Amino acid sequence: MIGHPKHTMAFGATSLLPEQRFHPEWSRAIGNLRLLPFGATVMQPGMFAEEITENDLAYIVENDCVICMGGSLEETFARSESVEKCAAAAITARILRGRS
């Protein structure tokens, strides 16, 4: 599933990954989240195919999209929603960290 969720794409636009250790849902629902360079899906599909592993089920493509995979459409959609929820929490945590 390819999408463009706003909070997750904020990380893609800045070439950063959200911190993955602070949210317990992250490792259970998402697994590893990987950052791929812009164009990895269209301009370099072979590179993207080589990057896919069983443990990496979600990818942020810089300035492009978020890709989530799963065993069913329902699982994939849930993973996509979890990535977006965790990205939103990571942004909020960064904002609150700056205020303390």
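Colleague: What are the ground rules for local features and side-chain atom pairs?
Modeller: In this predicted model, local features need pLDDT of at least 70 and side-chain atom pairs count only at pLDDT 80 or more, while totals for chains, interfaces and linings use all residues. Residues are numbered from 1 along each chain as its sequence is written, and side-chain values use heavy atoms, with hydrogens and water left out.

Colleague: Which residues touch the most other members of the largest nonpolar core?
Modeller: They are I30, A58, V66 and V83, out of 14 residues. Such a core is a set of buried Ala, Val, Leu, Ile, Met, Phe, Trp, Tyr and Cys residues joined through side-chain atoms within 4.5 Å; buried means under 20% relative accessible area, with a 1.4 Å probe and protein chains only.

Colleague: And which element gives the most to this core?
Modeller: α4 does, with four residues. Helices (H or I, at least four residues) and strands (E, at least two) are DSSP runs, numbered from the N terminus.

Colleague: Turning to α1, which residues are buried?
Modeller: T8, M9, F11 and G12. They lie on the same side of α1, because they cover an arc of only 150° around the axis, taken from the directions from the helix axis to the C-beta atoms.

Colleague: What is the strand order in the sheet?
Modeller: The open sheet runs β1-β4-β3-β2, with mixed pairing; two strands pair if DSSP finds at least two bridges between them. β3 and β4 are antiparallel over four bridges, and Y59 stands opposite I67 in β4.

Definitions and conventions:
Buried means under 20% relative accessible area, exposed over 50%, partly exposed in between (1.4 Å probe, protein chains only).
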